[in-house]
Every structure is written in C-alpha cells, then in structure tokens.
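Student: I should like to go through the reasoning behind the terms applied to a structure. May we take them in turn?

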Amino acid sequence: MITYVAIPYIKATADSSKLAQYKEWASLAVNTAEMLWSEGGQGKDKKAYVTEFLNHLFNHKKTVITPEQINILIESAVKEMKEALS
C-alpha cells in the first residue's frame, strides 16, 4: 500500500533518474543496516542509521529530499526487502 502512495509522491518532486538513484541508495542503506544489526528488536537503531546516512548523502550541501521523503524511501525499501525474503 505504501508503495502506491509513496512513489507517486516522490515522483512529483524528483525526476525518474533521481528517483531511481534515491531508491537504490535507500535499498543499499537498509540492507547494510540489516547486516550491521542482525539481532531482532533493533528497528529504531536501524532506521536512525539509514535516515542519517540518506540525509547526509543527499542533503549535506542543500536540502534535496525532505525527511518525509526519506522516511517513505526507507519504508519502501524495507517492504521490498521483506517481499524478496518471503
């Protein structure tokens, strides 16, 4: 459900090549967090790590994507990862 709402929202503010790049980096960051924190119950730490990473990556000089967009990218990447595992 979130993908159907989230991706059009982000597309409205980013062109398709940038969106693909944002999605790829979010996916890589989520997978990295999963490897760093392999034990359960550390969702807050994982999300904080990914949020900080993406915020620094894209917004270190000027704001390119908003915190809401970062959150949507993370949620979408997590959903895709869970679907791939099932």
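Tutor: The discussion below sets values against definitions, beginning with the fold and ending with single residues. Please keep in mind that this is a predicted model.

Student: How many of the residues are buried, as a percentage?

Tutor: Of the 86 residues in the protein, 28% are buried. The term requires a relative accessible area under 20%.

Student: What do the contacts say about separation in sequence?

Tutor: Taking contacts between residues at least 6 apart in sequence, 60% join residues at least 24 apart.

Student: What makes one side of α2 a buried face?

Tutor: The buried residues of α2 are Leu19, Tyr22, Ala26, Ala29, Val30 and Ala33. Seen down the axis of α2, these buried residues fall within an arc of 100°, and therefore they line one face of the helix. The face turned away from that buried side carries the exposed residues Ser16, Ser17, Glu24 and Met35.

Student: Do the spans of α3 and α4 agree with expectation, or disagree; what are the values?

Tutor: Both agree. The 17 residues of α3 should span 24 Å at 1.5 Å a residue, and its end C-alpha atoms are 23 Å apart.

Student: Why are the buried residues of α3 said to line one face?

Tutor: In α3, the buried residues are Lys46, Val50, Leu54, Phe58 and Asn59. Seen down the axis of α3, they fall within an arc of 140°, so they line one face of the helix. Exposed on the other side of α3 are Lys44, Glu52 and His56. The buried residues of α3 pack against α2 and α4.

Student: Which residues of α4 are buried?

Tutor: In α4, the buried residues are Gln69, Ile70, Ile72, Leu73, Ile74, Ser76, Ala77 and Met81.

Student: How are α2 and α3 placed relative to each other?

Tutor: The helices α2 and α3 pack at an angle of about 145°, with their axes 9 Å apart. Their crossing is right-handed. Residues of α2 in this contact include Tyr22, Trp25, Ala29 and Leu36, while those of α3 include Tyr49, Phe53 and Leu57. By class, the contact of α2 with α3 has 13 nonpolar, two polar and two charged residues.

Student: What describes the crossing of α2 and α4?

Tutor: The axes of α2 and α4 come within 9 Å and cross at roughly 65°. This crossing is right-handed. Among the residues that meet are Lys23, Ser27 and Asn31 in α2, and Leu73, Val78 and Glu80 in α4. The contact of α2 with α4 has eight nonpolar, two polar and three charged residues.

Student: Why is valine 30 called buried?

Tutor: Valine 30 has a relative accessible area of 6%, and the cut-off for buried is under 20%. Valine 30 is therefore buried. It lies in helix α2 and touches Val50, Ile74, Ala77, Val78 and Met81, not counting residues up to four places away in sequence.

Tutor: The C-alpha atoms of lysine 23 and isoleucine 72, 49 residues apart along the chain, are separated by 9.9 Å.

Student: Why is phenylalanine 58 called buried?

Tutor: Phenylalanine 58 lies in helix α3. Its relative accessible area is 11%, and buried means under 20%; phenylalanine 58 is therefore buried. Not counting residues up to four places away in sequence, phenylalanine 58 touches Gln21, Tyr22, Trp25, Val64 and Ile65. From C-alpha to C-alpha, phenylalanine 58 and tyrosine 22 are 8.6 Å apart in space, and they are 36 residues apart in sequence.

Terms used: Residues numbered from 1 in each chain as written. Predicted model: local features only at pLDDT ≥ 70, side-chain atom pairs only at ≥ 80, totals over all residues. Heavy atoms only, no water. Buried < 20%, exposed > 50% of the residue type's maximum accessible area, 1.4 Å probe, protein only. Helix = DSSP H or I, 4+ residues; strand = E, 2+ residues; numbered from the N terminus. Arc of directions from axis to C-beta. Axes fitted to C-alpha atoms, helices over the stretch in contact; angles between N-to-C directions. Left-handed = near helix turned anticlockwise from the far one by under 90°. Contact = heavy atoms within 4.5 Å. Nonpolar A, V, L, I, M, F, W, Y, C, P; charged D, E, K, R; others polar. Expected span 1.5 Å × (residues − 1).
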